[in-house]
Amino acid sequence: MNNLYTSTRNDQVKISAKEAIRRGFSDDGGLYVFPNFNDLSINIEELTNKNYQDIAKLVLRQLLPDFSDQEISNCVNDAYSSSFDTDEITPVTKVDNFHVLELFHGPTSAFKDVGLQLLPQLMKHSIADKRVMILTATSGDTGKAALEGFKNSDKIAITVFYPHNGVSKVQQLQMASTNGNNTEVAAIEGNFDDAQSNVKKILNDASLKKELGDKISLSSANSINIGRLIPQIVYYFYSYKKLVENKQIHNGDKVNFSVPTGNFGDVLAGYLAKQLGLPVNKFIVASNENNVLTDFFNSGIYDRNRPFFKTVAPSMDIQISSNFERLLYYKSNGDTEYVKKLMNQLEKNGKYQVSDQLLKNIQDDFYCGYSTDDEIKESIKEVYSDYKYLMDPHTAVGYKVMRDYQKIDDSCPTILLSTASPYKFVNVVADAILENNSDDDLQLMKDIQKNTGVPIPQNLARVWDLPILHKDVIKKDDMREYVKMKVEADLYDKN
Ligand SMILES: *Cc1c(COP(=O)(O)O)cnc(C)c1O
């Protein structure tokens with residue numbers, strides 16, 4: 001009963017949720033998945049009047065059967081009691097004819113906080129006596145959210161890699177100013193995909209494991225970890241029940257979710273919510289100009305051999321959407337040999353093609369589109385001037401593709417996931433809504449507030465005055481050595 005999780009690339013693997021959380025991903029390179037949802041469901045009628053934490057406990061109990069009720073309760077309470085700036089955790093706002101699910105009220109003002117405030121709690125209950133070094137590749141938001149989640153943990157240290165010059169000024173300051181006695185941050189000369197694939201390689205490196213000895217193990221805080229993904233299922237249920245309470249829908253009515261997408265973690269969590277019984281019509285997968293997924297949805301060919309664009313929605317500048325592997329697993333009815341074959345092709349040739357049937361299965365649940373940089377700015381401007389709602393550039397991607405979809409079918413209410421505070425990306429937002437632009441980001445922050453009246457989240461207002469504690473810039477090929485050095489320093493420190 002407890003050994004439920006398997007690997008997307010080998011269905012002989014059977015491990016518990018705790019082990020899956022501790023290990024991050026499978027030795028065969030696959031990701032851990034919950035194989036079938038037949039016996040699980042969440043009764044949406046029961047959600048009415050439950051608060052966020054209660055719904056979180058319901059979801060976690062379904063998917064983490066080896067955690068006791070007490071453990072789940074403690075984890076959820078510790079994660080969400082005081083670190084968000086609203087009791088709702090993820091409030092829902094009506095704008096024009098759609099609903100915005102605001103996921104940026106946590107300590108770092110990005111949706112990653114929802115997963116990364118809870119993951120460290122789950123990890124705490126999953127590790128044995130060993131220390132753990134968490135390795136995280138970030139396109140900007142995961143890094144700071146993970147640092148905040150794990151900093152000063154007892155048995156856990158964390159190292160974050162981000163693309164040098166590939167994140168916004170605010171994001172860079174947030175990471176570089178992180179304190180805590182167990183945090184490491186390095187910029188790498190490369191892009192997010194380089195950081196992510198090297199982290200995966202390091203986690204899979206048997207010789208490194210030997211060199212590090214048995215006092216410490218390595219794990220991951222990226223959305224390849226189920227402990228990061230499962231917390232994200234919660235807000236899909238929460239937003240649905242808010243719409244019911246606000247008399248926008250009746251229990252059982254279908255809704256769409258529009259999701260700004262990079263690594264496919266957020267939208268996959270939505271798909272898992274649907275497997276648990278949430279009535280969803282379509283998931284609208286919204287990409288920026290790195291539109292590998294849009295092409296896939298149109299052709300069945302996933303091809304990363306293309307130029308990499310640095311866009312104004314940098315947290316989505318990704319060509320290999322890791323969690324898409326999980327969708328391939330589910331949509332091929334758990335055909336792990338097939339998934340393994342596709343993933344090998346992706347590694348070797350940078351591309352693969354799926355069967356027509358598999359593509360059709362995916363299209364049943366998902367619609368996909370993308371937004372250019374110009375369209376992002378137009379969307380921010382339009383939504384602000386028409387409805388006085390201020391969006392960040394990632395949310396604007398979701399908005400644009402949602403509007404595209406509504407032209408085809410507007411029969412269901414749509415919930416747009418807002419993934420970051422506009423104040424994390426002040427350049428772009430100022431470009432879209434202000435007449436005269438300073439080239440000083442702090443000034444822009446103040447100007448945006450003065451013009452819109454939207455309050456600046458405290459953590460972002462303060463970031464300018466904090467000392468810079470992390471300055472390392474390293475070559476992408478030196479990541480393994482860097483990890484080794486930091487692990488050794490950490491062990492030395494803590495012994
Ligand atoms: C990470 C991130 C995304 C993409 O989410 P995935 O789970 O990687 O698809 C979108 N917007 C923002 C602001 C993010 O930080």
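This is a predicted model: local features need pLDDT of at least 70, side-chain atom pairs count only at pLDDT 80 or more; totals for chains, interfaces and linings use all residues.
Residues are numbered from 1 along each chain as its sequence is written, and side-chain values use heavy atoms, leaving out hydrogens and water.

Helix H18 covers residues 441-452; helices here are DSSP runs (H or I, at least four residues) and strands are runs of E (at least two), numbered from the N terminus. At the start of H18, the backbone nitrogen of Leu442 has a side-chain oxygen of Asp440 within 3.1 Å.

Now look at what faces inward. Asp441, Leu444, Met445, Asp447, Ile448 and Thr452 of H18 are buried, meaning under 20% relative accessible area with a 1.4 Å probe, protein chains only. They lie on the same side of H18 because they cover an arc of only 165° around the axis, taken from the directions from the helix axis to the C-beta atoms. Among the elements covering these buried residues are helix H6 (169-176), helix H15 (373-387), helix H17 (426-433) and helix H19 (458-462).

Let's turn to the sheet. Six strands form an open sheet with mixed pairing, in the order E4-E5-E15-E10-E11-E14; two strands pair if DSSP finds at least two bridges between them. Strand E4 (92-95) and strand E14 (366-370) are at the edges, each with a single partner strand, so one side of each has no neighbour in the sheet.

Note on methods:
The expected span of a helix is 1.5 Å times one less than its number of residues. Buried means under 20% relative accessible area, exposed over 50%, partly exposed in between (1.4 Å probe, protein chains only). Contact means heavy atoms within 4.5 Å. A polar contact is a pair of N or O atoms within 3.5 Å; within protein, one must be able to donate a hydrogen and the other to accept it, and residues adjacent in sequence count only if both atoms are side-chain atoms.
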